[in-house]
Amino acid sequence: MNKKKQEVVLANDMQIDENAIFERVSEIIENRKTRATTYANSEITLMFWEIGRYVNSVILDSKRAAYGKRIVATLSQQL
């Protein structure tokens, strides 16, 4: 990628480096995308934990059961 310096001269003779602006804006976007992905992954993990806790407490009465594997398989097909 050719990083040729591009400058814009504003009415008050102030020079702006367009490449620097592009780089910073790109950095902001990438940082926010990374944070959004991290947040989404965290929420998905909590969702699965909550579902597991619900299935265990309501359906399995907080006990291990041989039919628990069938319940999870059936539920996953329905979802």
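These legends accompany several close-up views of a predicted model.

View 1. Let us start with the overall layout: the protein chain contains 2 helices and 2 strands. Read from the N terminus, the elements follow the order β-β-α-α. Of the 79 residues in the protein chain, 5% are buried. The accessible surface of the protein chain is about 7400 Å², and carbon and sulfur atoms account for 57% of that surface.

**View 2. Confidence along the chain.** The mean pLDDT of the protein chain is 81, with 76% of the residues at 70 or more. Which element has the lowest confidence, and which the highest? Strand β1 (residues 7-9) is lowest, at a mean of 60, while α1 is highest, at 92.

**View 3. Helix α1 from end to end.** Just after α1, aspartate 61 has a positive phi of about 55°.

**View 4. The salt bridge between arginine 24 and glutamate 27.** Side chains of opposite charge can pair when their charged atoms come close. Here glutamate 27 forms a salt bridge with arginine 24, and their closest N and O atoms are 2.6 Å apart. Both glutamate 27 and arginine 24 belong to helix α1, where a separation of 3 residues puts them about one turn of the helix apart.

**View 5. The salt bridge between glutamate 30 and lysine 33.** The count of salt bridges comes to 2, and this view shows the one that glutamate 30 forms with lysine 33. Their closest N and O atoms are 3.3 Å apart. Glutamate 30 and lysine 33 are 3 residues apart in helix α1, so about one helical turn separates them. Glutamate 30, with a relative accessible area of 43%, is partly exposed. Lysine 33 is partly exposed as well, at 47%.

**View 6. A nonpolar patch around methionine 47.** Which residues make the nonpolar surface patch? Ile44, Met47, Phe48 and Ile51 make a patch of about 370 Å². Methionine 47 sits in helix α1 (residues 18-59). Its relative accessibility is 39%, so methionine 47 counts as partly exposed.

View 7. To finish, follow the chain into the loop between α1 and α2 (68-78), where leucine 60 lies. Is leucine 60 buried or exposed? Leucine 60 counts as buried, because its relative accessibility is 15%, and buried means under 20%. Now find isoleucine 71, which is 11 residues from leucine 60 along the chain. The C-alpha atoms of leucine 60 and isoleucine 71 are separated by 9.4 Å.

Methods: Residues are numbered from 1 along each chain as its sequence is written. This is a predicted model: local features need pLDDT of at least 70, side-chain atom pairs count only at pLDDT 80 or more; totals for chains, interfaces and linings use all residues. Side-chain values use heavy atoms; hydrogens and water are left out. Patches are made of residues with over 30% relative accessible area and no salt bridge: like charges are joined within 9 Å, nonpolar side chains (Val, Leu, Ile, Met, Phe, Trp, Tyr) within 5 Å. Accessible areas come from the Shrake-Rupley method with a 1.4 Å probe; for residues, only the protein chains shown count as cover. A salt bridge is a side-chain nitrogen of Lys or Arg within 4 Å of a carboxyl oxygen of Asp or Glu. Helices (H or I, at least four residues) and strands (E, at least two) are DSSP runs, numbered from the N terminus. Buried means under 20% relative accessible area, exposed over 50%, partly exposed in between (1.4 Å probe, protein chains only). pLDDT is the predictor's confidence in each residue, from 0 to 100.
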